Amino acid sequence: MPALEVLETGVLTTVQDAGRVGHALLGVGRSGAADPVSYALANRLVANPPRAAALEVTFGGLRCRAHGAMTVAVTGAPGPVSVDGRAAAMNTVIHLRDGSELRIGTPERGLRSYVAVRGGLDTPPVLGSRSTDTLAGLGPQQVTPGTVLPVGPPPQDLPVVDAAPDTVFPRDEVELRVMLGPRDDWFTEDAIRTLLTSDYVVSSRTDRVGARLLGPPLPRSRLGELPSEGIVPGALQIPHHGDPVLFLADHPVTGGYPVIAVVVSADLRWAAQARPGTRLRFRAVG
């Protein structure tokens with residue numbers, strides 16, 4: 001059986017698929033690819049089924065070796081890609097020979113890249129998904145140097161294109177559309193105005209669970225405590241100190257601080273691609 005041997009991982013490399021759906025009542029979140037659009041594109045390029053497992057690479061630094069000939073695609077945060085020392089293009093179909101080494105360098109923009117292998121990564125599923133949930137500790141273990149990932153049998157469908165159009169990734173500032181609520185009534189009018197007119201910066205305290213944002217604090221109009229309630233990806237939760245926390249793919253399923261707004265699902269990929277130092281602006285819709 002062909003396999004992908006990981007030699008270097010960079011900051012964080014995990015196995016991800018479309019997520020673990022339908023288990024919130026058990027306290028299990030969805031997890032899955034943080035940038036679902038880039039993940040889906042990688043699978044489409046190699047003609048994989050939509051939920052095939054792939055690698056999610058945070059801030060580059062991946063080096064891996066093919067055991068057996070295989071076809072791969074690299075999408076997401078744009079940066080240098082090479083095969084056996086020769087430059088290769090992102091968003092294209094790449095053929096690896098037995099023993100070939102694939103490298104992904106530091107992205108020029110964005111944060112997360114995806115490597116799909118034709119046939120998908122055949123790690124054991126947990127609750128119907130091969131995603132690594134870094135908060136709950138479910139799914140495959142975090143990929144480390146020496147990890148060997150088996151590749152499943154190739155699908156019957158064949159790739160129909162050699163390349164996809166490049167995605168334009170924002171550089172230093174990202175605008176995210178939000179819907180106010182469900183607890184915007186816990187905040188002053190000045191806090192709502194501040195959220196929608198100020199810049200917030202992604203701090204170094206960011207991971208797959210969420211990103212702590214730096215910027216003007218958002219004062220509450222209520223001083224009481226809120227019973228724990230459900231949390232969704234993109235929720236902007238405001239702890240007592242007033243600095244927003246933007247929840248991402250591995251968010252907790254419940255939280256006890258009020259959520260002032262939620263990023264619309266179509267913009268979640270840009271929230272997940274915002275590296276530390278990126279300025280975020282929020283625009284209310286709906």
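This is a predicted model: local features need pLDDT of at least 70, side-chain atom pairs count only at pLDDT 80 or more; totals for chains, interfaces and linings use all residues.

Trainee: Let's start with H1. Which of its residues are buried?

Mentor: Helices (H or I, at least four residues) and strands (E, at least two) are DSSP runs, numbered from the N terminus. H1 covers residues 36-45. Its buried residues are Ser38, Tyr39, Leu41, Ala42, Asn43 and Leu45.

Trainee: And which residue just after H1 takes a positive phi?

Mentor: Follow the chain out of H1, which spans residues 36-45. Just past that helix, a phi of about 65° turns up at Ala47.

Trainee: Now the salt bridges. How many does the count come to?

Mentor: The rule asks for a side-chain nitrogen of Lys or Arg within 4 Å of a carboxyl oxygen of Asp or Glu. Under that rule, the total is 19.

Trainee: Take Arg183 and Glu229. How many residues apart in sequence are the parts this pair ties together?

Mentor: The closest N and O atoms of Arg183 and Glu229 are 2.9 Å apart. Arg183 is in the loop between E12 (173-180) and H2 (189-197), while Glu229 is in strand E15 (residues 229-230), so the parts they tie together have a sequence separation of 46 residues.

Trainee: Are Arg183 and Glu229 buried or partly exposed?

Mentor: Arg183 has 26% relative accessibility. Glu229 has a relative accessible area of 21%. Both values fall in the class called partly exposed.

Trainee: Asp185 also forms a salt bridge. What is its partner?

Mentor: Here the N to O distance is 3.3 Å. Asp185 is in the loop between E12 and H2 and its partner in the loop between E14 (210-214) and E15, so this pair ties together parts 37 residues apart in sequence. Asp185 is partly exposed at 41%.

Trainee: How far apart are the closest N and O atoms of Arg281 and Asp199?

Mentor: They form another salt bridge, with the closest N and O atoms separated by 2.5 Å.

Trainee: And how many residues apart is that pair?

Mentor: Arg281 is in strand E20 (residues 279-284), and Asp199 is in the loop between H2 and E13 (200-206). Arg281 is partly exposed at 29%, and Asp199 is partly exposed at 28%. The pair links distant parts of the chain, with a separation of 82 residues.

Trainee: Which residue does a cis peptide bond join to Gly181?

Mentor: Omega is about 10° for that bond. The residue sits in the loop between E12 and H2. It's Pro182.

Trainee: What is the phi of Asp84?

Mentor: Asp84 is in the loop between E6 (81-83) and E7 (86-88), and it is partly exposed at 40%. Although Asp84 is not a glycine, its phi is positive, at about 55°.

Trainee: Last one: where is Leu127 found?

Mentor: Leu127 is a residue other than glycine with a positive phi, near 50°. At 42% relative accessibility, Leu127 counts as partly exposed. Its place is the loop between E10 (112-117) and strand E11 (148-150).

Methods: Residues are numbered from 1 along each chain as its sequence is written. Side-chain values use heavy atoms; hydrogens and water are left out. Buried means under 20% relative accessible area, exposed over 50%, partly exposed in between (1.4 Å probe, protein chains only). Contact means heavy atoms within 4.5 Å.
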